[in-house]
Amino acid sequence: MQEKDLIKYIKGESDPKEKRIIINWIREDVNHQKRFNIIKAEYIASTLDESENVDIDAVYHRFSSKQTKKKRRRYYISAIASIIIPLMVWYTLTSFPDNDLIVDTTEFLRFDTKTVTTGHGDHKTVILPDGSSITLNADSSLKYPEEFDDDVRKVTLIGEAFFDIQRDESKPFIVQTEHLKVRVLGTSFNVKSYPKDEKIETTLVTGKVEVLQKEQITPIVLEPSERATFDKKKSDIKVDKVDSKNIVAWQEGKLIFDKTPLKQVVLDLNRKYNVEFVITSDSLLQYKYTGEFDNLELEEVLDLLKISSPINYKYLNNKIMLNSE
């Protein structure tokens with residue numbers, strides 16, 4: 001790979017095809033990665049040399065009288081970053097000489113990101129820069145850029161969300177979760193990835209999605225009404241057929257369970273009603289519940305649990321204790 005091509009990539013001037021060629025070249029050999037890191041560090045250091053005598057504060061104050069507040073902030077951050085980033089790159093290269101990390105300093109420059117969060121029992125809908133719509137379930141967090149890169153649309157999810165993604169074949173959409181990546185071009189699907197849950201679920205409603213585990217190379221491709229379930233303990237993925245309407249019913253305030261372990265049921269109830277449940281019976285730890293809660297109050301949920309299952313309950317120290325009858 002010629003140095004001029006790598007510099008072009010580093011400067012962000014490569015087209016999508018050139019980017020893919022360079023990324024594949026970097027990944028195929030550790031020595032390629034090291035060469036890329038060195039060239040990138042040298043390039044960034046050279047930009048520092050060109051601006052090392054600049055009085056950042058003076059330039060900023062002159063600039064501030066002519067620009068909007070948002071543009072002033074970006075300019076100031078960029079000036080500071082021109083000093084900090086080379087030091088970060090130098091530290092990475094000298095501290096970990098045998099690493100196989102591709103040092104991508106564009107990650108350090110992504111200050112213009114937004115984070116949307118929801119509390120217990122809360123839903124929020126986010127419209128992304130490309131017109132795609134994402135609805136967050138309770139106790140969730142979504143991180144996304146103000147503007148997408150040239151070749152990819154990437155967001156990070158903690159919790160649960162329903163995605164309705166605008167189709168763009170030249171710019172795939174990627175959802176990053178704790179253990180999985182979900183890749184689409186344009187479709188609607190649901191992702192459930194809470195830190196406390198034992199599993200991560202991706203359910204396709206329309207279109208097609210690819211689910212990729214970090215350790216795997218070949219993705220799992222889902223068809224409509226298929227669900228990929230990743231078991232965190234076993235580190236494997238299973239695919240099954242589901243009624244996707246039931247999976248996304250939480251958007252209408254419903255909770256629908258189909259032979260769902262009670263441990264998972266109480267986690268979902270906690271997110272919706274903001275109350276802690278404690279399962280005190282060993283037999284209930286293995287119990288799987290089937291039922292539907294359609295916009296019910298908490299007391300109605302508890303009464304329905306008692307009527308439709310061998311579950312009893314009582315309040316103790318602001319917690320709901322569940323036991324078998």
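A residue is called buried here when its relative accessible area is under 20%, exposed when that area is over 50%, and partly exposed in between, with a 1.4 Å probe and protein chains only. The structure is a predicted model, in which local features need a pLDDT of at least 70 and side-chain atom pairs count only at pLDDT 80 or more, whereas totals for chains, interfaces and linings use all residues. Residues are numbered from 1 along each chain as its sequence is written, and side-chain values use heavy atoms, with hydrogens and water left out.

Helices (H or I, at least four residues) and strands (E, at least two) are taken as DSSP runs and numbered from the N terminus. On this basis the protein chain comprises nine helices and 18 strands. Of its 325 residues, 38% count as buried. With contact defined as heavy atoms within 4.5 Å, residues 24 or more positions apart account for 47% of the contacts in the protein chain that have a separation of 6 or more.

Two packed helices are described by the angle between their axes and the distance between the axes. Axes are lines fitted to C-alpha atoms, for helices over the stretch in contact, and angles run from 0 to 180 degrees between N-to-C directions. The axes of helix α1 (residues 3-10) and helix α2 (residues 16-27) come within 10 Å and cross at roughly 110°. Angles under 35 degrees count as roughly parallel, those over 145 as roughly antiparallel, those from 65 to 115 as roughly perpendicular and the rest as oblique; α1 and α2 are therefore roughly perpendicular to each other. The crossing of α1 past α2 is left-handed, a term used if the near helix is turned anticlockwise from the far one by less than a right angle, with right-handed used if clockwise. On the α1 side the contact is made by Asp5, Leu6, Lys8 and Tyr9, and on the α2 side by Glu18, Lys19, Ile22, Ile23 and Trp25. These residues of the contact divide into five nonpolar, no polar and four charged, where Ala, Val, Leu, Ile, Met, Phe, Trp, Tyr, Cys and Pro count as nonpolar, Asp, Glu, Lys and Arg as charged, and the others, Gly among them, as polar.

Towards the other end of the numbering, helix α9 (residues 298-308) has Leu298, Val301, Leu302 and Leu305 as its buried residues. These residues cover an arc of only 95° around the axis, which puts them on the same side of α9; the arc is that of the directions from the helix axis to the C-beta atoms. The cover over the buried residues of α9 includes helix α7 (262-273) together with the strands β15 (276-279), β16 (288-294), β17 (311-316) and β18 (319-324).

Helix α7 itself contains Gln264, which is buried at a relative accessible area of 17%. Apart from residues up to four places away in sequence, Gln264 touches Lys192, Asp197 and Arg271. Asp268 also belongs to helix α7 and is buried, with a relative accessible area of 11%. Under the same exclusion of residues up to four places away, Asp268 touches Lys192, Leu255 and Phe257.

Among the strands, β9 (residues 199-206) includes Thr202, which counts as buried at 0% relative accessibility. When neighbours within four places in sequence are left aside, Thr202 is in contact with Val182, Asn190, Val191, Val209, Val211, Leu222, Glu226, Arg227 and Ala228.

Thr117, in strand β1 (residues 113-117), is partly exposed, with a relative accessible area of 43%. Thr117 touches Lys124, Ser140 and Ser141, not counting residues up to four places away in sequence, and Thr117 lies 7.9 Å from Leu136, C-alpha to C-alpha, across 19 residues in sequence. Beyond neighbours within four places in sequence, the contacts of Lys124 are with Val116, Thr117, Thr118, Ile134, Thr135 and Leu136.

Positive phi values in residues other than glycine were also examined. Asp139, in the loop between β3 (133-136) and β4 (141-145), has a positive phi near 55° and is partly exposed, with a relative accessible area of 34%. Asn317, in the loop between β17 and β18, has a positive phi near 55° and counts as exposed at 65% relative accessibility.
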